[in-house]
Each structure stands twice: as structure tokens, then as C-alpha cells.
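Student: Can you walk me through this model? I'd like to go piece by piece.

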Amino acid sequence: MSLETQKTTDVTQVLTEALPYIQRFKGKTLVIKYGGNAMIDESLKNSFARDVVLLKAVGINPIVVHGGGPQIGDLLQRIGKESEFIGGMRVTDTETMDVVEMVLGGQVNKSIVNLINTHGGRAVGLTGKDGSLICAEKLDIASNSTDPAVNVSELVDLGHVGKVKSIDTSVIDMLIQSDFIPVIAPIGVGPEGQSYNINADLVAGKMAEVLQAEKLILMTNTAGLLDGDGTLLTGLNAKQVNELVESGVIYGGMLPKIGCALDAVQAGVTTAHIIDGRVQHALLLEMFTDEGVGTLIRGGWQ
């Protein structure tokens with residue numbers, strides 16, 4: 001077989017494998033948490049934008065929720081303000097919140113919108129403040145101090161760090177019906193109009209729940225969920241995931257993502273995926289191939 005013939009055969013196999021998935025997911029909603037290396041590396045950024053445009057072109061409705069922690073940290077450093085973290089969350093005073101809004105709602109959001117549009121899509125950028133999309137409330141966490149003199153139940157004030165109280169999808173529904181791709185910065189609005197910085201994974205998960213999305217996809221800088229031997233785990237249900245947490249296989253920074261994925265599938269999202277954003281065209285590989293490039297989690301205990 002000639003090289004050209006082999007190439008044609010490979011392309012045909014890829015398209016043939018993709019067809020049933022395209023037919024199955026046409027008209028469905030997909031919520032994507034976009035972050036990590038896929039937001040920094042130029043080739044991965046372009047790969048992601050093309051994937052999103054293609055998904056929309058075949059009749060799937062992608063909704064992008066993005067992070068931007070490194071970009072926020074860079075600007076704070078440039079203006080001489082030190083970043084402080086407690087429990088993995090950025091302490092956000094009023095000045096820091098101004099920077100968060102500038103970076104997430106401006107620089108990062110508009111660059112993603114522009115990239116998608118450059119590749120032929122029709123993206124519109126939003127923050128949770130637009131159309132009262134994300135109503136938030138203040139998030140306080142308990143102190144994790146190991147000092148016996150400190151009351152561990154004492155709440156730590158993180159400033160303008162929030163959690164999702166409710167989501168009004170009216171503006172999202174309008175954009176989808178008008179064939180646009182919503183790109184959302186995870187900034188919520190409080191009852192008195194104050195801004196809150198919210199974890200992007202949590203916003204994506206809640207968005208998927210409220211929309212009853214077909215899939216929630218969390219892009220990470222890891223291959224997915226690995227067992228103790230480093231083997232990729234996938235096709236897991238809630239019972240299996242909880243057993244992995246209890247046995248210590250899932251720990252550290254992966255726990256919040258797993259919790260977000262579990263909450264989503266138990267609230268009606270069909271499947272949640274933790275995928276490797278370091279892989280070119282990771283979205284398409286996860287959506288349209290049998291093997292995928294990450295961990296798939298579904299609801300149920302059987």
C-alpha cells in the first residue's frame with residue numbers, strides 16, 4: 001500500500017468512527033472548562049479554537065467557561081501586589097478583584113472570543129454579571145491550621161471569593177438559539193451588586209447541571225484519572241469514584257475536579273470527562289473517537 005493510499009485510509013477511518021458520535025450528539029449541549037496548558041501554548045490554543053468551531057459546525061452547542069489564574073498572577077506581580085492563597089484559593093481583596101475583572105472579563109475572555117472567531121466561529125464573551133447570569137454569594141472556608149490553639153471551625157475571610165448561588169440561563173439560551181458560542185468568565189454578582197471571583201471548574205459544573213448538558217468536559221494538565229500504577233481509568237460510575245477517593249487513589253488537586261464531575265452527573269448531566277488539554281485536538285478525540293483522551297465518569301452506582 002502506498003503512503004498516499006494509507007493516508008486516505010486513515011482519514012476515512014477517522015471520519016467513519018466520528019460519524020455515529022456526531023449523529024448522537026447533534027443538538028446537544030456541551031459545557032467545557034478551558035484552562036491549563038491549552039490556554040497558554042499557542043498551538044494548543046489554536047487547536048482548541050478549531051475544535052470548538054467544528055463542534056458548532058456539526059450541530060453541537062459548546063459553551064466555554066475559562067479560567068485565568070496565571071494571567072491574574074502575572075498582572076498582580078507587574079503592579080507589585082503579592083498573591084496570597086489559602087486552601088488553593090486566591091485571597092481577593094477589592095484591589096485584586098479589580099485586577100481579576102480586568103484580566104478574566106477583559107483580556108482573557110476577549111482573546112478566546114477573538115481566537116474562536118478567527119477560526120470561523122461566532123463567539124460572544126460574557127461574565128456572570130451580564131444578564132445576571134451567575135448570582136453568587138461569599139465563600140468562606142474553615143481554617144486548616146494544625147495549631148491546637150486555633151479553632152479549626154473558624155472561618156477564613158477570602159474577600160471577594162464566591163460560590164454559585166443560582167444561574168439564569170436566559171442569555172445563554174438566546175445566544176445558542178442565535179447560533180453563537182458563549183464564552184464565560186467565572187465572575188459572579190452578589191445581592192448588592194458586588195463582584196465575586198469563582199472557581200471556573202465549579203462554574204462549569206453548575207452551568208452543565210442547570211442546562212442539563214449532555215457532557216461536562218474539564219480540561220487539565222494531566223492525562224486524566226490514574227490508578228496507583230499510573231494506568232488511565234475511564235468509564236467509571238459514582239460508586240467506583242468514591243471507592244477511589246476512600247482508598248487514596250484520588251487525592252490533592254484532583255479531588256475538587258472529581259467532586260465537580262460527580263455533582264454534575266448525579267444532577268442529570270449524562271457524562272463528565274476529565275481530559276488532557278496538552279494533547280492536540282483533545283476535545284475532538286474525546287468526543288468523536290472510541291478511545292478518547294481522558295477519564296469518563298457517569299452517574300449511577302451500578
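Student: What covers the buried residues of H3?

Tutor: The cover includes E4 and H4. Contact here means heavy atoms within 4.5 Å. Helices (H or I, at least four residues) and strands (E, at least two) are DSSP runs, numbered from the N terminus. This is a predicted model: local features need pLDDT of at least 70, side-chain atom pairs count only at pLDDT 80 or more, and totals for chains, interfaces and linings use all residues. Residues are numbered from 1 along each chain as its sequence is written, and side-chain values use heavy atoms, with hydrogens and water left out.

Student: Which residues of H3 are buried?

Tutor: Gln71, Ile72, Gly73, Leu75 and Leu76. Buried means under 20% relative accessible area, exposed over 50%, and partly exposed in between (1.4 Å probe, protein chains only).

Student: Where does lysine 81 sit, and where is glutamate 95?

Tutor: First, their side chains meet in a salt bridge, 3.3 Å from N to O. Lysine 81 lies in the loop between H3 and E3 and glutamate 95 in helix H4, so the pair ties together parts that are 14 residues apart in sequence. A salt bridge is a side-chain nitrogen of Lys or Arg within 4 Å of a carboxyl oxygen of Asp or Glu.

Student: Is glutamate 95 buried or partly exposed?

Tutor: Partly exposed, because its relative accessible area is 44%.

Student: What about aspartate 93, which residue does it pair with?

Tutor: Aspartate 93 forms a salt bridge with lysine 81, the closest N and O atoms being 3.0 Å apart. That pair links distant parts of the chain, 12 residues apart: aspartate 93 is in the loop between strand E4 (89-90) and helix H4 (94-118), and lysine 81 is in the loop between helix H3 (69-78) and strand E3 (85-86). Aspartate 93 is partly exposed, at a relative accessible area of 34%.

Student: How many salt bridges does the structure hold?

Tutor: It holds 11. Another one joins lysine 33 and aspartate 201, with the closest N and O atoms 3.1 Å apart. Lysine 33 lies in strand E1 (residues 29-34) and aspartate 201 in helix H6, so this pair ties together parts that are 168 residues apart in sequence.

Student: Are lysine 33 and aspartate 201 buried or exposed?

Tutor: Both are buried.

Student: New topic. Why is E8 largely enclosed?

Tutor: Five of the five residues of strand E8 (residues 181-185) are buried, so the rest of the structure largely encloses it.

Student: Which way do the E8 residues point?

Tutor: Ile181, Val183 and Ala185 point one way, and Pro182 and Ile184 point the other way. In a regular strand the side chains alternate between the two faces of the sheet.

Student: In which sense does E8 pair with strand E2?

Tutor: Strand E2 (residues 61-66) and E8 pair in the parallel sense, over two bridges. Pairing requires that DSSP finds at least two bridges between the strands. Valine 64 has valine 183 in E8 as its bridge partner.

Student: How many bridges with strand E5?

Tutor: Five, with strand E5 (residues 123-127) and E8 again in the parallel sense. There, threonine 127 has alanine 185 as its bridge partner in E8.

Student: Switching to helix H2. How many residues has it, and what is its reach?

Tutor: H2 (residues 42-57) has 16 residues and reaches 23 Å from its first C-alpha to its last, close to the 22 Å expected at 1.5 Å a residue. The expected span is 1.5 Å times one less than the number of residues. Buried residues of H2 include Leu44, Phe48 and Val52. Just after H2, glycine 59 takes a positive phi of about 100°.

Student: Last one. Where is alanine 213?

Tutor: Alanine 213 is in the loop between helix H6 (200-211) and strand E11 (215-220). It counts as buried, because its relative accessibility is 1%. Not counting residues up to four places away in sequence, alanine 213 touches Thr29, Val31, Ala208, Gly268, Val269 and Thr270.
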